[in-house]
Amino acid sequence: MDEKRILDYLDKTGEKKGLEKLFRTVFGHVLSTLGKTGSFEVSLTLLSPEEQQLLNKEYRHIDRPTDVLTFAYEETLQEAIPVTDLGSITICPEVARRQAKEYHHPYERELSFLFIHGLLHIFGYDHQTEEESKVMFSLQNALLNTLPVDFYTNRRTLVKKLLEAQKKAIVPYSNFRVGAVVVTKDGKYIEGFNIENSSYPATCCAERVALYSAYAMGYRKEDIVALGCITDSRNVGTCCGVCRQVMSELMPLTSPVYIYSRDCLKHMDTTVEGLLPHPFTKEDMNR
């Protein structure tokens, strides 16, 4: 069945470019995760605090700018493919930026959070009661945490850290240097590099060194955003099977994995799950 996912996007604030692509990704992710089939359209407008305050006062009788407002309605637009117009959402970037700073997370993540919040209202979720709040906020967080967007990794910083880590490799036998970096939600870039041993099974790959170092520093799976890797290969040399299994247990399966060739001219962007679609888990150990 043909489907359309239309985002009628209007920025009245002059926000930075690239946000429309982000919002389109969020819209598609929410529809797919909620299992919404068919064609849908939603309007999203970014407003100044003054404009958002006027709407908030008119429709909610609250005389201050709020972060997000939702106006839900369903109307079928008769086109070649019928499209359900879901309604409109307004977001105030200035309020979003302030909240992002307050909650210590990236601005784009806060914008995505607010758009998800608005979309859930459109689909009938609410938080008027404790039970409603529990359901909506749980789903809201699940949608945000599985969103295929990396809000934290600066690719230039990642490459710089990878090259620095690679130089530290201890490889007296293979002379094949590998560098790895784990990126955490609080902005840390934790380095790892391969360390070889004359007892070959005792050798430890760069990816595992980086992950074990992160865990030794107190970080856990939910704190880890992404992992980067660089090798001495002129091709993109992917992680070994052992590292993939370790990554599947110590990182979220949706975490991005960025792999570079030695000159960084070639790279592969994938995920932990992309590298190991069917990992062995503790559930598989049940007897």
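## Close-up views of salt bridges and nonpolar cores

**View 1. Arg 155 and Asp 269 form a salt bridge, with their closest N and O atoms 3.0 Å apart.** A salt bridge here is a side-chain nitrogen of Lys or Arg within 4 Å of a carboxyl oxygen of Asp or Glu. Arg 155 sits in helix 6 (residues 155–167) and Asp 269 in strand 9 (residues 267–271), so the pair ties together parts that are 114 residues apart in sequence. Helices (H or I, at least four residues) and strands (E, at least two) are DSSP runs, numbered from the N terminus. Arg 155 is partly exposed at 28% relative accessible area, and Asp 269 is partly exposed at 44%. For these labels, buried means under 20% relative accessible area, exposed means over 50%, and partly exposed lies in between (1.4 Å probe, protein chains only). Please keep in mind that this is a predicted model: local features need pLDDT of at least 70, side-chain atom pairs count only at pLDDT 80 or more, and totals for chains, interfaces and linings use all residues. Residues are numbered from 1 along each chain as its sequence is written, and side-chain values use heavy atoms, with hydrogens and water left out.

**View 2. Arg 177 and Asp 232 meet through their side chains in a salt bridge of 3.1 Å, N to O.** This pair links distant parts of the chain, 55 residues apart: Arg 177 is in the loop between helix 6 and strand 5 (178–184), and Asp 232 is in the loop between strand 7 (224–231) and helix 8 (241–250). Arg 177 is partly exposed at 31% relative accessibility, whereas Asp 232 is buried at 16%.

**View 3. Asp 186 and Lys 188 are joined by a salt bridge, 3.9 Å from N to O.** Asp 186 has a relative accessible area of 47% and is partly exposed; Lys 188, at 39%, is partly exposed. The model's salt bridge count comes to six.

**View 4. The largest nonpolar core has 45 residues.** Such a core is a set of buried Ala, Val, Leu, Ile, Met, Phe, Trp, Tyr and Cys residues joined through side-chain atoms within 4.5 Å. Phe 23, Phe 27, Ile 89, Ile 91 and Phe 115 have the most contacts inside this core. Helix 4 (residues 107–122) gives the most to this core, with eight residues.

**View 5. Ile 89 touches residues including Val 42, Leu 44, Val 68, Phe 115 and Ile 122.** Contact means heavy atoms within 4.5 Å, and residues up to four places away in sequence are not counted for Ile 89.
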